[in-house]
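Reader: Hi! Could you walk me through this one? I'd like to start with contacts and then go wherever that leads.

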Amino acid sequence: MRRLGTALTAAVVLLGGCGVRAQDEPHGVDLPRHPLTTPGAGPAVANGEVAQVLCLVRDGRLVQTVRRTPAYPAVQAQLNTLTAGPTAAERTAGLGTALSGLTLTAEEIAGAEVTVGFPEVDEGNARNDEILAYGQIVCTLTARADVGTVLFTRAGQPLEVPRSDGTLTGAPLRSSDYSDLLQPG
């Protein structure tokens with residue numbers, strides 16, 4: 001008990017003598033340049049250069065990479081950037097995409113949920129990496145401050161898509177549905 005009292009007294013003395021005095025008048029505070037938001041909290045306002053997260057593929061796994069842009073892109077613009085694939089430097093680093101040749105459409109943005117139109121896939125060109133393709137889209141969009149979940153449609157109809165464990169769902173998807181496929185960049 002005596003040690004606790006001694007420690008408490010020492011803490012009070014140290015805190016009281018830290019050299020910061022109370023101010024008599026209020027003063028201005030400079031806030032951070034970039035907005036502080038959480039996923040799904042609403043649109044972020046861009047100031048200067050921002051980090052745009054794209055989810056690419058390496059060795060059958062999802063890898064988040066960052067590209068610096070002057071402003072946050074619209075959802076459709078980010079989908080276009082994602083389907084364009086990796087830059088030359090990213091390809092040199094071993095990054096690729098499971099979205100080659102696809103055209104994605106941001107059909108609806110309702111609150112923090114985005115509905116993405118996924119094109120018809122020719123049976124002769126069936127993809128064996130479709131889990132990675134859906135994972136790329138979901139992990140890219142949910143890395144945005146204004147997107148919390150992603151739904152998919154095909155030809156205007158709800159689409160069931162695979163999670164990383166192979167189970168199909170028509171429910172809103174989050175990056176956590178593909179977290180076991182994510183590897184450090």
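Author: Happy to, and bear in mind that this is a predicted model. Let's start with Leu62: leaving out residues up to four places away in sequence, Leu62 touches Cys55, Leu56, Val57, Leu132, Gly135, Gln136, Cys139, Tyr178, Leu181, Leu182 and Gln183.

Reader: Nice. Which residues touch the most other members of the largest nonpolar core?

Author: Leu62 is one of them, along with Val116, Phe118, Ile137, Leu141, Phe152 and Tyr178. That core has 32 residues.

Reader: And which elements give two or more residues to this core?

Author: Strands E1 (50-58) and E2 (61-69), helix H2 (75-84), and then E4, H4 and E5. H4 gives the most, with seven residues. In general, nonpolar side chains in soluble globular proteins tend to be buried together.

Reader: Tell me about H4, then. How many of its residues are buried?

Author: Ten of the twelve, so H4 is largely enclosed by the rest of the structure. The buried ones are Leu132, Ala133, Tyr134, Gly135, Gln136, Ile137, Val138, Cys139, Thr140 and Leu141.

Reader: What distance does H4 reach from its first C-alpha to its last?

Author: H4 reaches 17 Å, close to the 16 Å expected at 1.5 Å a residue.

Reader: Changing topic: how many aromatic pairs does a search of the whole structure find?

Author: Three. In one of them, the ring centres of Phe118 and Phe152 are 6.3 Å apart and the planes are at 80°, so that pair is edge-to-face.

Reader: Where do those two sit in the chain?

Author: In distant parts of it, 34 residues apart. Phe118 is in the loop between strand E4 (113-117) and helix H4 (130-141), while Phe152 is in strand E5 (residues 149-154).

Reader: Buried or exposed, those two?

Author: Both Phe118 and Phe152 are buried. For Phe152 the relative accessibility is 4%, and buried means under 20%, so Phe152 counts as buried.

Reader: What about Tyr134 and Phe152, how are their rings arranged?

Author: They form an edge-to-face pair too, at 4.9 Å centre to centre with 80° between the planes. This pair also links distant parts of the chain, with Tyr134 in helix H4 and Phe152 in strand E5, 18 residues apart. Tyr134 has 3% relative accessibility, so Tyr134 counts as buried.

Reader: Which residues do the ring pairs link into a cluster, then?

Author: Phe118, Tyr134 and Phe152. Two of these, Phe118 and Phe152, are also among the core residues that touch the most other members.

Key
Residues are numbered from 1 along each chain as its sequence is written. This is a predicted model: local features need pLDDT of at least 70, side-chain atom pairs count only at pLDDT 80 or more; totals for chains, interfaces and linings use all residues. Side-chain values use heavy atoms; hydrogens and water are left out. Rings of Phe, Tyr and Trp (its six-membered ring) pair if their centres lie within 6.5 Å; planes under 30 degrees apart count as stacked, over 60 as edge-to-face and the rest as tilted. Helices (H or I, at least four residues) and strands (E, at least two) are DSSP runs, numbered from the N terminus. Buried means under 20% relative accessible area, exposed over 50%, partly exposed in between (1.4 Å probe, protein chains only). A nonpolar core is a set of buried Ala, Val, Leu, Ile, Met, Phe, Trp, Tyr and Cys residues joined through side-chain atoms within 4.5 Å. Contact means heavy atoms within 4.5 Å. The expected span of a helix is 1.5 Å times one less than its number of residues.
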